[in-house]
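Visitor: I would like to learn how to read a few features of a protein model. Where do we begin?

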Amino acid sequence: MKQLVPTFTKLILKGDVQALSELYTSSIQGSTDSLTFYESVVRPSMYRIGDLWEKNQITVAEEHLATATLKYLLASVYTPYEVSERRPKGLLFCIEGEQHSLGLELANEVFKEQHWNTRYLGANVPIRDAVTFVKAWKPQAVAISIGMTTTIQQLRECLEEIEKVQPDIKILVGGRLISHYKLEFLKKDSIKTFYDLRELNEYLEEHADQFLALIEEKISN
């Protein structure tokens, strides 16, 4: 699967939706599961594009085109899931100041494959808006993506405010920054960090009964 990354990356940089769809249909669809596709093809492709942008080897416009092309493909291959109200709720968003949301969109698909009810707020969500949503919707878990050192303080403030309005919530934090920095304020029982989608998937599977118990307790009360 990894051998497809150079071709996959080239096609999304060109914005060639037709060729990208053909590559997916001929070489990816039916030959692997969605999680392997995300981790072995999509993520390394986007990391490659991010590196090219940081080195000024592609323009901002080219980076945006690649992201839009990839999102178009993913939207066409996502599997719809029906979820009952007796399933846990997960709220996903990128911290204020964080513009890159593709990784979190993939995380949202992992949640849905585990039959969670999800609300995906997207990129650059102000702390006040995120906290308001938590207070109103009362999810069992919040998943936050952070990729830049400039948003660390916003992340710290956001976590503090969320825990004020819902002390028992589980907070899941992922993104490129987690792979490069050890943030001491994330070392709490209520917070779990993730390096990739496989770790997230394994965590949701391992703690499925725990989250379901919280839902049943809430319903019975």
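Guide: We begin with one residue and its neighbours. This is a predicted model. Leaving aside residues up to four places away in sequence, Leu-74 touches Phe-37, Tyr-38, Val-42, Leu-102 and Leu-106.

Visitor: Where is Leu-74 placed, and is Leu-74 buried or exposed?

Guide: Leu-74 lies in helix α4, residues 60-77. Its relative accessible area is 1%, and under 20% counts as buried, so Leu-74 is buried.

Visitor: How far apart are the C-alpha atoms of Leu-74 and Arg-87?

Guide: Those two C-alpha atoms are separated by 25 Å, with the residues 13 apart along the chain.

Visitor: Which residues does Glu-109 touch?

Guide: Tyr-38, Tyr-78 and Thr-79 are touched by Glu-109, again without residues up to four places away in sequence. Tyr-38 is also on the list for Leu-74. Glu-109 belongs to helix α5, residues 102-113.

Visitor: Is Glu-109 buried or exposed?

Guide: Glu-109 is buried, at a relative accessible area of 2%.

Visitor: Now a pair of helices. At what angle do the axes of α1 and α3 cross?

Guide: For a helix pair, read the distance between the axes, then the angle, then the residues in contact. The axes of α1 (residues 5-14) and α3 (residues 34-54) come within 9 Å and cross at roughly 55°. α1 is therefore oblique to α3. The crossing of α1 past α3 is right-handed.

Visitor: Which residues make the contact?

Guide: From α1 come Val-5, Phe-8, Thr-9, Ile-12 and Leu-13. The α3 side includes Phe-37, Ser-40, Val-41, Val-42, Pro-44 and Arg-48. Of the residues in this contact, 11 are nonpolar, three are polar and one is charged.

Visitor: Last, the cysteines. How many disulfides does the structure hold?

Guide: A disulfide is a covalent bond joining the sulfur atoms of two cysteines. To read one from a model, look at the distance between the sulfurs; the cut-off is 2.5 Å. The structure holds zero disulfides. For Cys-94, the nearest cysteine sulfur is that of Cys-158, 11 Å away, and Cys-94 is in no disulfide. Cys-158 is likewise in no disulfide, and its nearest cysteine sulfur is that of Cys-94.

Visitor: Is Cys-94 buried or exposed, and what about Cys-158?

Guide: Cys-94 is buried, with a relative accessible area of 0%. Cys-158 counts as buried too, at 0% relative accessibility.

How values were computed:
Residues are numbered from 1 along each chain as its sequence is written. This is a predicted model: local features need pLDDT of at least 70, side-chain atom pairs count only at pLDDT 80 or more; totals for chains, interfaces and linings use all residues. Side-chain values use heavy atoms; hydrogens and water are left out. Axes are lines fitted to C-alpha atoms, for helices over the stretch in contact, and angles run from 0 to 180 degrees between N-to-C directions. Helices (H or I, at least four residues) and strands (E, at least two) are DSSP runs, numbered from the N terminus. Angles under 35 degrees count as roughly parallel, over 145 as roughly antiparallel, 65 to 115 as roughly perpendicular and the rest as oblique. A crossing is left-handed if the near helix is turned anticlockwise from the far one by less than a right angle, and right-handed if clockwise. Contact means heavy atoms within 4.5 Å. Ala, Val, Leu, Ile, Met, Phe, Trp, Tyr, Cys and Pro count as nonpolar, Asp, Glu, Lys and Arg as charged, and the others, Gly among them, as polar. Buried means under 20% relative accessible area, exposed over 50%, partly exposed in between (1.4 Å probe, protein chains only).
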